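Please read the following report alongside the sequence and the three-dimensional view.

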Amino acid sequence: MSGDKLRVGKSYLASQSSLSLSQVLEQREESSTCSSSSSGCSSESDGDSEYTPSDPEEDKVQKEDKCNKQMKQLCEDIKDKLEFAENGSLEGPSVVALLLSLISLLLVMATLPLSLYMCIKVVQEYERAVIFRLGRLVRGGAKGPGIFFILPCIDTYKKVDLRTMSFDVPPQEILSRDSVTVTVDAVVYYRVSNPTMATNNVEDYSHSTHLLGATTLRNVL
């Protein structure tokens with residue numbers, strides 16, 4: 001009788017332990033599925049946050065706005081350069097410059113007519129004169145052709161030739177594919193279109209053009 005009771009107890013405990021083990025396994029499976037679903041949702045949400053499809057029309061509008069801004073900036077730079085070339089510096093002359101100009105003008109008037117020889121200058125039809133007063137570009141741009149007036153002692157000027165100039169580029173030797181030495185030379189033609197900018201922006205535009213022609217010939221070869 002006692003043995004039967006022990007067997008029944010053992011079988012009951014085994015059934016209980018199997019039930020509890022199955023319940024634990026089921027709970028673990030449920031938790032794993034929940035965690036996987038949550039991770040899948042989070043990954044989907046991350047993917048949605050990272051990938052934002054762009055509208056081609058918006059991209060086109062942004063590119064057009066960027067191009068318009070660049071063109072506007074370029075136009076402003078060109079306008080400033082042209083204004084500087086025509087009118088000189090945008091700042092007005094200082095008090096000292098005005099005082100020296102007045103003194104020079106009084107000296108010219110006091111020494112008339114001898115001072116006219118130093119004040120009146122002439123440039124040819126193909127020339128322009130860029131005038132500097134106390135180191136600053138005089139408003140109005142280049143003068144000429146014909147007669148123009150300067151104040152002695154404070155004004156200096158530089159003549160610029162507007163005719164088409166030409167020069168020979170020194171011969172350059174190259175080695176062809178069939179190992180034959182070939183000598184190539186060139187002729188360059190140029191002319192000055194803006195005498196003010198040619199004087200203020202380049203130290204020696206003629207020498208610079210010679211060097212540019214030689215360098216371009218070497219690059220082409």
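This is a predicted model: local features need pLDDT of at least 70, side-chain atom pairs count only at pLDDT 80 or more; totals for chains, interfaces and linings use all residues.

## The chain as a whole

The secondary structure comes to 6 helices and 7 strands, and along the sequence these follow the pattern α-α-α-α-β-β-β-β-β-β-β-α-α. Of the 221 residues of the chain, 19% count as buried, while the accessible surface comes to about 17000 Å², of which 59% belongs to carbon and sulfur atoms. Among the contacts with a separation of 6 or more, 62% are accounted for by residues 24 or more positions apart.

## Nonpolar cores

Which residues make up the largest nonpolar core? This core has 7 residues, namely Val130, Phe132, Leu137, Val160, Leu162, Val192 and Ala198. When residues up to four places away in sequence are not counted, Ala198 touches Val192, which is also in the core, and Tyr205. A second, separate core has 6 residues, including Val123, Ala129, Ile131 and Val138.

## The three-stranded sheet

An open sheet of 3 strands has the order β3-β2-β5, and its pairing is antiparallel. The edges are taken by β3 (136-137) and β5 (155-161), and since each has a single partner strand, one side of each is left without a neighbour in the sheet. Strand β2 (residues 127-133) is joined to β5 by 7 bridges, the two strands running antiparallel, and within this pair Glu127 stands opposite Asp161 in β5.

Strand β6 (residues 165-175) and strand β7 (residues 181-190) run antiparallel and are joined by 9 bridges, with Val169 standing opposite Ala186 in β7. The two strands form a hairpin with 5 residues between them. Ser179, in the turn of this hairpin, has a positive phi of about 60°, and with a relative accessible area of 58% Ser179 is exposed.

Helix α6 (residues 205-220) holds Thr209, which has a relative accessibility of 18% and therefore counts as buried. Not counting residues up to four places away in sequence, Thr209 touches Phe167 and Tyr190. Leu211 is placed in helix α6 as well, but at 46% relative accessibility Leu211 counts as partly exposed. From C-alpha to C-alpha, Leu211 and Val169 are 8.8 Å apart in space, although 42 residues separate them in sequence.

## Backbone features worth checking

Most residues other than glycine have a negative phi, and most peptide bonds are trans. Against that background, a cis peptide bond joins Leu112 and Pro113, with omega of about 0°, and Pro113 lies in the loop between α3 and α4.

Positive phi values are found at Leu134 and at Ser179, neither of which is a glycine. For Leu134, phi is near 55°; this residue is placed in the loop between β2 and β3, and with a relative accessible area of 38% Leu134 is partly exposed. Ser179, by comparison, is placed in the loop between β6 and β7.

Notes
Residues are numbered from 1 along each chain as its sequence is written. Side-chain values use heavy atoms; hydrogens and water are left out. Helices (H or I, at least four residues) and strands (E, at least two) are DSSP runs, numbered from the N terminus. Buried means under 20% relative accessible area, exposed over 50%, partly exposed in between (1.4 Å probe, protein chains only). Contact means heavy atoms within 4.5 Å. Two strands pair if DSSP finds at least two bridges between them. Accessible areas come from the Shrake-Rupley method with a 1.4 Å probe; for residues, only the protein chains shown count as cover. A nonpolar core is a set of buried Ala, Val, Leu, Ile, Met, Phe, Trp, Tyr and Cys residues joined through side-chain atoms within 4.5 Å.
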